[in-house]
Amino acid sequence: MIEVREITKRFGRKEVLKGVSFTAEKGEITCLIGVNGVGKTTVMNAIMNLTPIQSGEILIDGQKINKRSYEKIMFIPDAITMLPQMTIQQAMQFMDDFYESWNEKRAKELLDFFKLEEGNKISNLSKGNTAKINLLLGLALDVDYLLMDEPFSGIDIFSREQIADVFTSHLVEDRGVIITTHEINDIEHLIDKVVILNDGTVVKSFYTEEVREKEGKSVIDVLREVHLQ
Amino acid sequence: MTNFFKLLRFELDRFFKLYIVLIVVTIVSQLAGLVIISKLYMRRAREEIVVNQNSMESFLETYGQFSLANLTHSLWFFGPIALCIVSLLIYVFFIWYRDWFGKNTFIYRLLMLPTERLNVYLAKAMTIFTMVLGLVSLQIVLIYLEMNLVRLLVPRDFRLDLTIHEVIRSFDYFNILIPDSFLGFLISYGTGLMAVFVLFTAILIERSYRLKGVFIGGLYVAASFFVFISPLILSEIFLPRFFYPIEMFLLEVFAGLIVMTGAIWLGYYLLNKKIRV
Amino acid sequence: MKRYWKLIILTAAVILILGLFYTKTGTANDNGPSFTIKKIQGNEEEISNILLDANYHQSRTAGSGHSLQISAEGTKYFNEQSIAEQLFGFGWDRQIERWQKEYRSYMRGKWPSLSSFFENGKFLAYADVNYNFTGPIGSSRDFTFDIDILHKETGGRVKRETEVPNRNQYYSMSVENVQVTDNVLKVFTSNQVEHQGNHEIEIHVYTFDIQTGELLDDKIIIEEKESLDANQWAEIMILNKHEHIGEEEYVLAKVLNVEHVQDAENSGDYVEQVQQLYFVSYNVETGEIKQFEIPEIKPFAAAGISPIPDKAQISGSTVYFAIFTTDGIDVYSYSLETNSLQGSQKVPLEKSFSDSPVIKVAHERIYIVEWINKRDTDKSIIVADVESGEIVYSGRIELQEPEAHSGEYELYIHDIIFN
């Protein structure tokens, strides 16, 4: 379980996170929703210790993040994190060099699934294919938790569908996933839990199934309610 | 292989093409330079002696004997050295900033490696250091090559053979790059390594605090410099000539170690607690 | 492992090359060639106690050359000193190095200037004048005596700081000589006085109690006015050698009064003209001061003759003056006791000597050393007896292993030092 407890974050005088708390369980897909600039990426960065927070704490399976945590939790930012001059094969080799949790078989499987060529240079890939490689490099790790920042933004419809397919496959199943998005439409059917961020705080968090079954509302209905308030 | 060596190899690979360019430029410029200026010298000798009917003595009186000092004083020789120094100085900054800027954000990857983040810092420092030493070694080999090449190019009567130390000393400040003794070498490159660590930490301060960090980083560099020269200040202002040379030397070594440890410790702290992607 | 080849090759090359470079190339003999003093004629004993302070330049290689010392035994280069000494050393004087070894804690914080030291069998004494910058340059300073007397037998020290009396009058002070006699320490200083636009140079003798370090007396032994408006100034020089740190019977000063005058013959250029030359002797034991002229030692002399007789050596109560002339060096001996010229001798010199050789008179000998030596310099050292003028030794500075060091060089001699 990833526990985010009362974290605050300031950029200069601007308070971006004013005590954000939520949890994300293994085996569930948790979605952080909010308009652009609300601090979704900052939360992700904070979980990964990629930006300092002013107060609060973040625990991964009860522990603060340390160097060993990166074998257990991986973050896939919205930009590629490999050097553009590398080929796909070199990028995979790099992962293999440093991560014990790198799963070569799964990587090959994903490569086939996305129909990507190992010899291609990252800088030559289309936007959609770059996003797929980015996803591949994270998914091929045998980690318990995956964080994805806007995995669907700015890519073509076919790539989107392909990526969405991954979420329902065995590639994701037992893991805990946190994804951020500002557009819920494409993935509403994929997610288990929604955390709505607004004005630096969590305004509502709920299980999609619960609202659907008990209140008969869609995620978008709930979002609309929150915004109208 | 430990993660440190993996990172070292990786960082080295990233600069290797440019590094090879530096090596080739140095070799070509110095060897071609030697051939060209020795040919010019011999052509002038022929003109003076054969055409103008001057004696060899009067020629040597005016132009002097040809030695490798003629080469070391030319742009052919120190041009590439200056190029290498400037390139590596720029690279001290570039080796960090390249990971933040541009389309890719490789710093995410580096910071999320399942290893001490300090390894990234140390590997980058060692990369710079190894490349510097590589160029210094290349220069030593080149001087030996040039000492032999000059024997083929200039006849004995016109030539002044210098020892390797004379060649090194013939070029100002070259003693700092290639000191006479191993202890001198340790001093030069120990100080150099310390400076690299201080600059790295200053860069990390900027990367952690951004605009404010430029100011803090500047203060940090000034403070490190002050600590490093504090034995000198102490000796010059408060206790003139109180310390004997060997004591001053040990105090300086101690001050250098403090600065270096401070830089690494602060770098470690910033990477783990303050760094931003 | 295959992917590590760049790292492995680079590291291996660095270790191999630097390792070979620092183990195989000896550094000691690579400074430059060795020199020795080679006898041409005479007795080699005569030069066994001298050291030549020199600087070696190889033609065509730039840089400031290399400092070295040459003796009958061979050559020692400055950078054979330890790195610590090269980086943080205060100088290169064997006498001071000897004291630093022997009296390590006593020598701490002492300005390594020989004129501040005195040594005999009983004492090692030091006197210096310190000041802090308190105002603009030229304004008066807070001059303070720093006295430190070491009693060699007991190891006891008398260390005391004392304000210089009337220190507001002086804008510069320097210690010229230090003597110990009869339980007192005498410190000879040259003080520059600024007095309503007029300058004055004074030579003082400050007397301190050797037991307490207390200042007992301040006496002016020479006083010379200078007038910048009238283009007139004075030069006072203590002729006792600063490297002679033992007891002196007399301290002798040469006083010159110089005027800047317009030279009518030579297109009205200003030239320096010596108006007056006299000497002042101070008997260290009795404190007796005598002022006198030596008619034979002239402020000006015929062309080609060195006008300033500062090549002098005081030996007991006799002072020897060496004056360079067209055909050699004239040595005058003068008694400070009777104030009379005792005699004069001519030491003949070959034409090959340049016109400003290094000259020293010591131990009843005059030492003359050519100051610029090249590969083909034939004779460069002459030692003569001051009483008889007889040449007791002549020799040359010889390059060792000339075949290993081709090419021209210049070897400059700055000073002759006596061991």
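Predicted model: local features only at pLDDT ≥ 70, side-chain atom pairs only at ≥ 80, totals over all residues.
Student: Are α4(A) and α5(A) roughly parallel or roughly antiparallel to each other?

Tutor: The axes of α4(A), residues 127–139, and α5(A), residues 157–168, come within 10 Å and cross at roughly 15°. Angles under 35 degrees count as roughly parallel. The two helices, α4(A) and α5(A), are therefore roughly parallel.

Student: Which residues of α5(A) make the contact with α4(A)?

Tutor: The crossing of α4(A) past α5(A) is left-handed. On the side of α4(A), the contact is made by A:Gly128, A:Ala131, A:Lys132, A:Leu135 and A:Leu139. By class, the residues of this contact are 5 nonpolar, 2 polar and 1 charged. Those from α5(A) are A:Ser159, A:Ile163 and A:Val166.

Student: Which element gives the most to the side of chain B that touches chain C?

Tutor: The contact draws 42 residues from chain B and 36 residues from chain C. On the chain B side, the classes are 22 nonpolar, 12 polar and 8 charged residues. Elements giving two or more residues there include α1, α9 and α10 of chain B. The one that gives the most, with 6 residues, is α6(B).

Student: Which strands stand at the edges of the open sheet in chain C?

Tutor: This sheet has 5 strands in the order β4-β3-β2-β26-β23, with antiparallel pairing. Each edge strand has a single partner, so one side of it is left without a neighbour in the sheet. The edge strands are β4 (74–77) and β23 (372–373) of chain C.

Student: What is the bridge partner of C:Ala54 in β3(C)?

Tutor: Strands β2 (residues 50–58) and β3 (residues 66–71) of chain C pair in the antiparallel sense over 5 bridges. In β3(C), the partner of C:Ala54 is C:Leu68.

Terms used: Residues numbered from 1 in each chain as written. Chains lettered and ligands numbered in written order. Axes fitted to C-alpha atoms, helices over the stretch in contact; angles between N-to-C directions. Helix = DSSP H or I, 4+ residues; strand = E, 2+ residues; numbered from the N terminus. Parallel < 35°, antiparallel > 145°, perpendicular 65-115°, else oblique. Left-handed = near helix turned anticlockwise from the far one by under 90°. Contact = placed C-beta atoms within 7 Å. Nonpolar A, V, L, I, M, F, W, Y, C, P; charged D, E, K, R; others polar. Pairing = 2+ DSSP bridges.
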